[in-house]
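Hi everyone, thanks for making the time. I have one structure to show you today, so let me put it up and then talk you through it.

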Amino acid sequence: IFIGFINGKLISALIVGIICFIGVSIMKMPYPMLITVIITVTDLIPIFGPYIGTIPCALLLLLYDPIKCVYFVLFIIALQMVEGNIISPKILGDSTGISAFWVVFAIVLGGGLFGIVGMLLSVPTFAVIHYILKRIFEHFLRKKNLPCDTSAYAGSGGLIIEEAKD
């Protein structure tokens, strides 16, 4: 699960880097490769990493052209909204086996309780807890000869219709 999280984070950072390079190149910013590398590397830090990377890039652009700096900061804010709400939860959810909602929930909870370290470790920790609980519940369902597939319970209010009639 932890390796899946790392792979998912690397893929997410790579996607952000590609989008950043395309956006910076379209806006004709100076040093597009340097800016892209900084943003991509700092994107590996959940939630605040890209903003940490934005500061030195924005200062560099501020020295070159203040208007381009403003455009760059707005672009990074928009990019991070898309990455944080769509790209990263989807990729991390697929790579760790938990849904995008639980990825965001784990990051917010981990960050609130333990700061940046909590943000880094919350998704793999939550995925492990999710996996263990899933195995425990499946064990008890099998013990009672009930199906483990959640689709068997869809629309029945949690009861199996055939057994409820008996």
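This is a predicted model: local features need pLDDT of at least 70, side-chain atom pairs count only at pLDDT 80 or more; totals for chains, interfaces and linings use all residues.

Let's begin with helix H1, which covers residues 2-26. H1 has 25 residues and runs 36 Å from its first C-alpha to its last, close to the 36 Å expected at 1.5 Å a residue. Which residues of H1 are buried? They are Gly4, Phe5, Gly8, Lys9, Ser12, Ala13, Val16, Gly17, Cys20, Gly23 and Val24.

Now follow the chain out of H1. Just after this helix, Lys28 takes a positive phi of about 55°. Tyr31 also has a positive phi, about 55°, although Tyr31 is not a glycine. Tyr31 sits in the loop between H1 and H2, and with 48% relative accessibility it counts as partly exposed.

How do H1 and H2 pack? Their axes come within 9 Å and cross at roughly 150°. An angle over 145 degrees counts as roughly antiparallel, and that makes H1 roughly antiparallel to H2. The crossing is right-handed. From H1, the residues in this contact are Ala13, Leu14, Val16, Gly17, Cys20, Phe21, Val24 and Ser25. They meet Pro32, Met33, Ile35, Thr36, Ile39 and Thr40 in H2. By class, that contact divides into 10 nonpolar, four polar and no charged residues.

Let me pick out Ile35, which is in helix H2. Is Ile35 buried or exposed? It is buried, with a relative accessible area of 0%. Leaving out residues up to four places away in sequence, Ile35 touches Cys20, Val24, Pro30, Cys57, Leu61 and Phe72. Ile35 is also 14 residues from Phe21 in sequence, and their C-alpha atoms are 8.0 Å apart in space.

Next up is the pair H3 and H4. Helix H3 spans residues 49-64 and helix H4 spans residues 66-96. Their axes come within 7 Å and cross at roughly 160°, and H3 and H4 are therefore roughly antiparallel to each other. This crossing, too, is right-handed. On the H3 side, the contact is made by Pro50, Tyr51, Thr54, Cys57, Ala58, Leu61, Leu62 and Tyr64. Facing them in H4 are Pro66, Lys68, Cys69, Phe72, Val73, Ile76, Ile77 and Gln80. Sorted by class, we get 13 nonpolar, two polar and one charged residues.

Cys69 is found in H4, and at 10% relative accessibility it counts as buried. Outside its sequence neighbours up to four places away, Cys69 touches Ala58, Leu61 and Leu62. By contrast, take Cys69 and Leu44: they are 25 residues apart in sequence and 23 Å apart in space, C-alpha to C-alpha.

The other one is Gln80, also in H4. Gln80 counts as buried, at 6% relative accessibility. What does Gln80 touch, not counting residues up to four places away in sequence? Its partners are Val16, Asp43, Pro50 and Tyr51.

Staying with H4, let's turn to how it packs on H5. The two helices pack at an angle of about 105°, with their axes 8 Å apart. That makes H4 roughly perpendicular to H5. Gly84, Pro89, Lys90, Leu92, Gly93 and Thr96 in H4 meet Ala100, Val103, Val104, Val123 and Ala127 in H5. This contact has seven nonpolar, three polar and one charged residues.

One last stop, past H5. Asn145 lies in the loop between H5 and helix H6 (161-165). Asn145 has a positive phi of about 60° although it is not a glycine. Asn145 is exposed, with a relative accessible area of 68%.

That's the tour, and I'm happy to take questions.

Conventions. Residues are numbered from 1 along each chain as its sequence is written. Side-chain values use heavy atoms; hydrogens and water are left out. Axes are lines fitted to C-alpha atoms, for helices over the stretch in contact, and angles run from 0 to 180 degrees between N-to-C directions. Helices (H or I, at least four residues) and strands (E, at least two) are DSSP runs, numbered from the N terminus. Angles under 35 degrees count as roughly parallel, over 145 as roughly antiparallel, 65 to 115 as roughly perpendicular and the rest as oblique. A crossing is left-handed if the near helix is turned anticlockwise from the far one by less than a right angle, and right-handed if clockwise. Contact means heavy atoms within 4.5 Å. Ala, Val, Leu, Ile, Met, Phe, Trp, Tyr, Cys and Pro count as nonpolar, Asp, Glu, Lys and Arg as charged, and the others, Gly among them, as polar. The expected span of a helix is 1.5 Å times one less than its number of residues. Buried means under 20% relative accessible area, exposed over 50%, partly exposed in between (1.4 Å probe, protein chains only).
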